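Dear colleague,

Please find below the structure I am handing over to you. My findings follow directly after it.

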Amino acid sequence: MRRFNISVNGKTYEVDVEEIKDGVPVSAPVASAPVASAPKAAPVSAPKAAPAAAPAGATTVSAPMPGNILDIKVGMGASVKKGDVLCILEAMKMENEIVSPADGSVVAISTSKGASVNTGDALISIG
């Protein structure tokens, strides 16, 4: 038997595993020294774009839920109308169109394609 620590969703479990070769258990000495837990690495996510500063009076469109930005449909300075699709946010395996709440032009893009966002994170500003 060999003893291992396994982490699943951030919780560590200690398990005993028996090695079998050709249908016959292989006896291996069990290490008596305690196993030190390895430091946990931070989850890897797409890099966030440096937030662009929105000018005073601009309407900021925020993420309505946590998810990943699949696509940004507008560019800086683009003219948009109320209801135009600004970006696509994937959340819970669904693609959600984030639309412009007002007419204007894009004055700041505070996210990037592939970025992971949380509820309330600024996505795009319309001025």
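Two strands are taken to pair if DSSP finds at least two bridges between them. Please also bear in mind that this is a predicted model.

Under that criterion, strand S1 (residues 2-8) pairs with strand S2 (residues 11-17) in the antiparallel sense, over 7 bridges. Val8 has Lys11 of S2 as its bridge partner. The hairpin that S1 and S2 form has 2 residues between the strands, and Asn9 adopts a positive phi there, near 50°.

As to the chain overall, there are 12 strands and 0 helices. The pattern along the sequence is accordingly written β-β-β-β-β-β-β-β-β-β-β-β.

An open sheet of 4 strands, with antiparallel pairing, has the order S5-S12-S10-S7. Strands S5 (59-62) and S7 (79-80) each have a single partner strand and stand at the edges, so one side of each is left without a neighbour in the sheet. Ser79 has Ser105 in S10 as its bridge partner.

The chain has 127 residues, of which 20% are buried. Its accessible surface comes to about 8,700 Å², and carbon and sulfur atoms hold 56% of that area. Among the contacts with a separation of 6 or more, 54% are between residues 24 or more positions apart.

Yours sincerely

Notes
Residues numbered from 1 in each chain as written. Predicted model: local features only at pLDDT ≥ 70, side-chain atom pairs only at ≥ 80, totals over all residues. Heavy atoms only, no water. Buried < 20%, exposed > 50% of the residue type's maximum accessible area, 1.4 Å probe, protein only. Contact = heavy atoms within 4.5 Å. Areas by Shrake-Rupley, 256 points an atom, 1.4 Å probe, with all protein chains shown as cover.
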